[in-house]
Each structure stands twice: as C-alpha cells, then as structure tokens.
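Hi everyone, thanks for coming.

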Amino acid sequence: MAIVFEKPKMLTDKPTHYCPGCTHGLAHILTAKAIDKLNAKKVIGVAPVGCAVFAYEYFNCDMQEAAHGRAPAVATGIKRVIPDAIVFAYQGDGDLASIGMAEIVHAAARGENITVIFVNNAIYGMTGGQMAPTTMIGQKATTCQSGRDVALNGYPIHVSEMLSQLQGPCYIERVACYDVKHIKQAQKAIDKAFQNQVEGRGFSMIEILATCPTNWGMSPQDSLKYVEDVMCKVYPLGVYKDTTKEEA
Amino acid sequence: MEEKKLLKGNEAIAEAAIRGGCRAFFGYPITPQNEIPEYMSFRMPEVGGVFIQSESEVSAINMVYGAGGAGARAMTSSSSPGISLKQEGISYIAGAEIPCVIVNMVRSGPGLGGIQPAQCDYFQSVKGGGHGDYKMLVYGPNSVQECVDIMYTAFDKAFEYRMPIMILGDGMLGQIMEAVTLPPMKDFSNVPNAEWATDGTRYGADRRVVNSLYIQPDDLEAMNHKLFAKYDVLAEKECRYEEYLCDDADVIITAYGTVARIAKSAVDMLRASGVKAGLLRPITLFPFPCDRFARLAAMPNVKKFVSVELSMGQMVEDVRLSVNGMKPVEFYGRCGGNVMTSEDIAEYITKEGK
C-alpha cells in the first residue's frame, strides 16, 4: 500500500502540550517537513518563550531554548560559529514583536542567514490571553478587556510589512493555515525560507497567522473562520519581500 | 611563541583571549572598554573567528549564549551599565551551563554614573547578579600581565566547569599601558566539540538541548544542587589570593584589582613609619578566600582588617563574613570615579590606629 502521510522525521514522538485547535502543531509539522526535505547534515533550532517554549522537546534535532525575545540573537551566535548548519528560530508574536523587537529587526538588517518561523495569533497564549503587540483594534484580551483601544494601547504592529522595508532580508511572506489551500501555500513558503538558507541568500521569515481558541474564547472552527474573515483583513497574506525574484 | 609587548589592558585582554582560543566575540560599545571590541573587530578575522557588533548588550550576551551553546569559545565585554543589561543572559548561561567569558571594565555608578574607574560592581559579580541561584568564577586582576594570564586560561576553566567566568577589572586596568609577555597561541583545531554542545549533528535520542527550563520542582531543585556542588569544587580548587607581609602584621589591609597595587605601596609606607601592616589581595573574588581571612583573624598579632575599595563598601561584607566577628573589620573607600592614593590609605590607617 502506498504511504500517503508520514510523521516528519524532524518531529519527536513526544505528545505536544498545545490546546485543541491551536495552529502551533501545524506550524511545527510544516517546519519539520521543510527541514526533512533538505537532508541537512546539521540542524539547530532555537525555541522561544511563550506557548512554543517546549518546542525543543518536539523538534527532533539539536535545540537551544532562548530567553524571551532573544531567539534571533541566539540563532545568530549559533549560525556564525557553525555556518554550514541549518539554523532556525521559532517565535510567537509577544516574543518576536514585543520584547524581542530589537533582536528580530537587527538580525533581519544584518541579513543573517537564518530562517525565522513567526507564529502570530495576536495574543499572549502561555500567560493567559494578555494583549499582544499584534492584538487588533477592538480585539479583547485580559489586559484590554473592552477591546484594544488605540487611545490607550496604540496600534498593532505589522511585522512583515515593517521588516520588508529593510535592505537585509531576502524573503518575507505572510501565510495562514485556515484551509487546505492555505496550508499548502504555507508549506511552500516555509520550504522556500529554508531553501534560501541552504543557498546562502540570507534572512528569511515566514509569518503564520495562527489561531488561539483558548484565549480567543472560540471553538477551533470559529477560530479558523476568524483568521480568514478578520485577521487576514488586518494582516493581508502575501509575499512582502523576495530578493530571489529581483535576481531572476 | 611568547612575545613581549607594550599594551593597554583592554588590548592585552583581547589578544590573550584570542591566544587562549576565543573564536567568537559579541559586544556593544561602552566606555571604558571600547578597545576590546575594536581590537577584536580586526583581530578575529585574522584568526578565522567571528566578531559582531551587536545592537545591544542584551543581544551580545544572547549571541554568546548561542555560540557558546554550540561549543565555541565565545566571549563578550562591557562596562557596568552594560553588564546590568547582560544579567538576564548571564543567568540563562549559568542555568544552561554554557561556558563563556565576560569582561567587565567597571565604571562608577549607580545609573549612568560616570566613566571613571570604580569597583562598585563587586556585588553584581560575585553574588549572582541576575535572577536565580547561581555564581560565576570571578577574577579581579591587578595588572595588565595578570589580565593576560587569567584571560589565557579562563576558557579552559569555563569549559572545565561549564560556567560563565567573569574578569572584573576597572577603567584604570583597561586604559593603563604596561609591558606584557604574551603567551603562545593555543590550537584547538583538532579538539572535538564538547559532547553537550548543540553542533547540529545529532538527531533523535542523541540530540542535545541547551536549556535552563525545569518545569518540575524536583528537577529544578536537583539542578540547583548540581550547580552549587560545582561551586564547592571551585572553593576547593580555584580560590586564589596573594599575601604581602601578613605574617607579623597588626593591620591587614585587603584590596583587589588596581586598588591592591595602591594598597601595597601604602603597606610599604606604613612599614617604613613603624606600623606593621600587611596586604591580603583576593585574586578570585568568587570563590572568596574566606579560610585565609579566618586563619589570619585567629592570629594573635592581627588587631584588625581594613577593606580598601573604590566603592561605598562591597567586598568588606565578605571580609566580615569570613572574619566572623573575631576581629574588627573597617572600610576605607573612594567612589564616584575618584581614586585614593597610597598616602590616603596610610593616613587612614595611622589615624584610625591611634
């Protein structure tokens, strides 16, 4: 019988702690599949602080657990001393776009030859649903219970748009995982983000619009719908930067 | 090959680090240690090493975490406010048992303080500094040559104990020029990567994880005890100090770093005027030479101790803990970037002695 699906080699057998309907599991699979395709001799991942803090138990390669927001700096340190390794950082929106903003901007500006998987669910998941830098105007969180108010909390940060203004990055794309078509597109984008690293093209980041049914207070199905109907309007999908096209 | 050179403390530390096998430097500009990153920026490429001027001290120490965790001999340098920023990363490095070297050319504080020499970072160096229960092996060299000698072996110690090592200097030590003998280049090209290092080559059951997260209380408590067992070994094997004329001394002056050189001249002055003074200079600040202080305190000739520091009194607390009430322990210090003279110390001892 033909095998139509296998667990990626780059994932361990450890059951994940992610909530039902959370996008992290899928983001792990897509990342692991992309790395599997490379047949790389050396792979090192960097886990964030946040919901994906235990990513080092799920990715089946050497891993380092970084301090909150510092994954791009840790990944830089690793990549510079082992340039022939595939090095990736896996971060959420609080980690990357709030406390770790300096680290991601400067890693991108330096054109570090690393791959960053940025999972944006517009909320702090692990700590219980506080406002994130990417929480949308009007979106409720435990620290903005009537919804994000611009007068009090300012505006959400559009990371892909912002980083694409820098000269350093090679490839920046925002994807979503609310249906099969978009999951396939996300896989394609992540594959390319890793392939760029193999080819030494520099910094690649894929932003994945993700669900958080637990902290959004929605069912998994409604959460997917929310990504499609609400998040994708605030955070439009697409390729924001691709220097491989400019070269062609 | 050994070489004799006239070098600034900062440059000498940088060259000694390279000769000691350092191949990755991450740093951010701050006075008075800028010669270290400047030197590393041209020297590292010459030896095939890595240099990055990071966007912040926070980022620099986390680059050290990554590179050190991957098995490289990685270091950073900074001065007091910058070291405060690195404390988060240092705590993670201690928790994840990553070997590395951190140089602090101390300036006066608190806050932005000043850029003149000080020793007001003693507490944040020897008591942990960042969050959680941990220590570093902390050296307080008193000359450019001692900076070189300590730096040259610091990575060996860092890897032996899998812990961060701090070299605690001050603005004077960083800026002073002295003749130094530089040791030969160590060659690590054929040394295999450490078995715990995440060099990316292993998968599945053999894979390595660099981490300081222990979510189960029993696991974390065991980790805390593991770290402190190492500190016990440090106390036994790595404690270093220098003594000068202590055997018959009435007054034991204690000082570390450049202040110890000023204090040594004060001892000579006092001896010339008939006061039996001696000097105990801790070279390692952690582990602290507690036992030696206790033994001196038990000697009948010793009447008191005077801790001389460029601070409001920090090391003096460890001296008091070591002397444990057996003899009086006094403090004499200058701060804000001011430095006492040997005459100042001698005068303090003479006046207080009467």
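Let me start with one pair: B:Ile252 sits opposite B:Gly278, which belongs to strand 12 of chain B. Before I go on, a word on what you're looking at: this is a predicted model, in which local features need pLDDT of at least 70, side-chain atom pairs count only at pLDDT 80 or more, and totals for chains, interfaces and linings use all residues. Residues are numbered from 1 along each chain as its sequence is written, while chains are lettered from A and ligands numbered from 1 in the order in which they are written.

Back to that pair. Strand 11 (residues 251-254) and strand 12 (residues 277-282) of chain B run parallel and are joined by four bridges. When I say strand or helix, I mean DSSP runs numbered from the N terminus, with H or I over at least four residues for helices and E over at least two for strands. Two strands pair if DSSP finds at least two bridges between them.

These strands belong to an open, mixed sheet of five in chain B, ordered 10-12-11-14-15. Which strands stand at its edges? They are strand 10 (241-244) and strand 15 (329-333) of chain B; each has a single partner strand, so one side of each has no neighbour in the sheet. On average, neighbouring strands here are turned by 20 degrees against each other, direction ignored. For angles, axes are lines fitted to C-alpha atoms, for helices over the stretch in contact, and values run from 0 to 180 degrees between N-to-C directions.

Now the helices on this sheet. Helix 9 (residues 258-272) of chain B lies across strand 10, strand 11, strand 12 and strand 14 (304-309) of chain B, at about 165 degrees to strand 12 of chain B. Helix 11 (residues 315-323) of chain B also packs on the sheet, where it touches strand 11, strand 14 and strand 15 of chain B, and its direction makes about 160 degrees with that of strand 14 of chain B. Contact here means that the C-beta atoms of two residues, placed from the backbone, lie within 7 Å.

Let's zoom out to the domains. Chain B is assigned domain 1 (3-237) and domain 2 (241-353), with bounds that come from an automatic or database domain assignment. Their centres, taken over C-alpha atoms, are separated by 28 Å. The contact takes 26 residues from domain 1 and 22 residues from domain 2 of chain B. On the domain 1 side, helix 5 (122-126) of chain B is one of the elements giving two or more residues, and its four residues are the largest share. That side divides into 16 nonpolar, eight polar and two charged residues. In this count, Ala, Val, Leu, Ile, Met, Phe, Trp, Tyr, Cys and Pro are nonpolar, Asp, Glu, Lys and Arg are charged, and the others, Gly among them, are polar.

Buried means 20 or more other C-beta atoms within 10 Å of a residue's own, exposed means 12 or fewer, and partly exposed is in between, with C-beta atoms placed from the backbone. Helix 1 (residues 9-19) of chain B is mostly covered, with ten of its eleven residues buried. Just after helix 1 of chain B comes B:Gly21, with a positive phi of about 105 degrees.

Finally, how do the chains meet? An open sheet of eight strands, with mixed pairing, runs 9(A)-7(A)-8(A)-4(A)-3(A)-1(A)-2(A)-9(B). Its edge strands are strand 9 (238-242) of chain A and strand 9 (209-210) of chain B, each pairing on one side only. Strand 2 of chain A runs parallel to strand 9 of chain B, and two bridges join them; A:Met63 has B:Val209 as its bridge partner.

How many residues of chain A are in contact with chain B? There are 28, and they meet 34 residues of chain B. Helix 3 of chain A gives the most to the chain A side, with eight residues. That side divides into 16 nonpolar, five polar and seven charged residues.

That's my tour, and I'm happy to go back to any part of it.
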